Amino acid sequence: MTNSAPPLSADLIQALARYDTPTICNAMEVVAPERRLIGYTTKPLVCPFPNLPPMVGYARTVTIRSVLKSAVPADEQARRRIAYYEYMGTGWGPRITVIQDIDGPDVGYGAFWGEVQSNVHKALGCLGVITDGSIRDIPQWAAGFQALAGSIGPSHAWVHAETFGGEVRVAGMTVRSDDLIHADQHGAIVIPADLAAKIPDAAELCGRREVPILEIARSNDFSLEKLKEALRRSSEIH
């Protein structure tokens with residue numbers, strides 16, 4: 001956690017948010033082909049709010065557990081809760097909470113997130129949550145606060161935060177605190193800070209390369225020969 005200036009400008013964050021996450025993944029393949037198999041979610045997540053725009057922010061990482069009751073004394077639990085919220089509400093912004101459920105085969109047994117936590121984290125400056133655990137209270141969820149979750153369930157069981165600020169792995173995506181995350185209804189991807197400035201131009205390039213193919217595919221005059229020509233023209237766009 002740091003209070004220094006964020007590595008990326010607000011303008012760049014806004015530019016990245018203009019693209020959906022699949023387009024960001026396409027752009028990443030252009031600027032960093034070695035990351036083609038890493039850095040993004042590979043397992044399906046539930047998105048109750050698919051119409052919300054993409055979110056871009058710095059990760060706040062957490063591990064949770066709900067099957068086992070916390071053995072920490074009540075006064076220590078209260079202290080940890082305050083430390084947790086201080087972590088969530090400080091550092092580079094905007095922020096996205098990334099939570100790994102460490103209950104193994106019982107992942108998602110209890111929901112850490114619902115009406116209360118979504119509203120509290122929104123007030124703390126977070127844009128949304130990405131978790132392989134469960135969430136609940138969908139009708140009462142904080143307005144405009146995005147959610148990607150492993151499941152939706154009714155109870156919070158014994159859910160509690162075990163750790164925060166360390167490395168987590170959610171739906172196949174490894175995330176460290178302060179990593180830049182791009183996410184929407186499709187999933188999420190980590191954008192290395194040193195590559196972020198290259199992403200918008202690469203995203204535009206990917207879009208331009210798709211244009212001739214889509215034009216002929218949607219045309220009433222479609223033919224295999226015209227598709228071959230469109231593919232050739234697409235490959236020549238740089």
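**Exercise 1.** In this predicted model, find how β3 and strand β5 pair, and over how many bridges.

*Solution.* Take β5 as residues 134-135. Its pairing with β3 is parallel and runs over 2 bridges. Next, look for a facing residue: W113 stands opposite I135 in β5. Now widen the view. The open sheet has 3 strands, ordered β3-β5-β7, with parallel pairing. Last, check the edges. β3 (111-113) and β7 (151-152) each have a single partner strand, so one side of each lacks a neighbour in the sheet.

**Exercise 2.** Determine whether T63 is buried or exposed, and list its surroundings.

*Solution.* Start with location: T63 belongs to strand β1, residues 55-65. Its relative accessibility is 9%. The cut-off for buried is under 20%, so T63 counts as buried. Then search for side-chain partners. A polar contact of 2.5 Å joins the side chains of T63 and T163. Finally, skip neighbours within four places in sequence. T63 then contacts Q100, I102, H160, A161, E162, T163 and V168.

**Exercise 3.** Describe the largest nonpolar core and identify the residues with the most contacts inside it.

*Solution.* Count first: this core holds 20 residues. L16, L180 and I191 have the most contacts inside it. Two or more residues come from each of α1 (10-16), α2 (21-31), β1, β12 (187-191) and α5 (199-217). Then inspect L16. Beyond four places in sequence, L16 touches I24, V56, L180, H182, I191, A196, I199 and P200. One step remains: a second, separate core has 18 residues, F49, I64, W113 and C126 among them.

Conventions:
Residues are numbered from 1 along each chain as its sequence is written. This is a predicted model: local features need pLDDT of at least 70, side-chain atom pairs count only at pLDDT 80 or more; totals for chains, interfaces and linings use all residues. Side-chain values use heavy atoms; hydrogens and water are left out. Helices (H or I, at least four residues) and strands (E, at least two) are DSSP runs, numbered from the N terminus. Buried means under 20% relative accessible area, exposed over 50%, partly exposed in between (1.4 Å probe, protein chains only). A polar contact is a pair of N or O atoms within 3.5 Å; within protein, one must be able to donate a hydrogen and the other to accept it, and residues adjacent in sequence count only if both atoms are side-chain atoms. Contact means heavy atoms within 4.5 Å. A nonpolar core is a set of buried Ala, Val, Leu, Ile, Met, Phe, Trp, Tyr and Cys residues joined through side-chain atoms within 4.5 Å. Two strands pair if DSSP finds at least two bridges between them.
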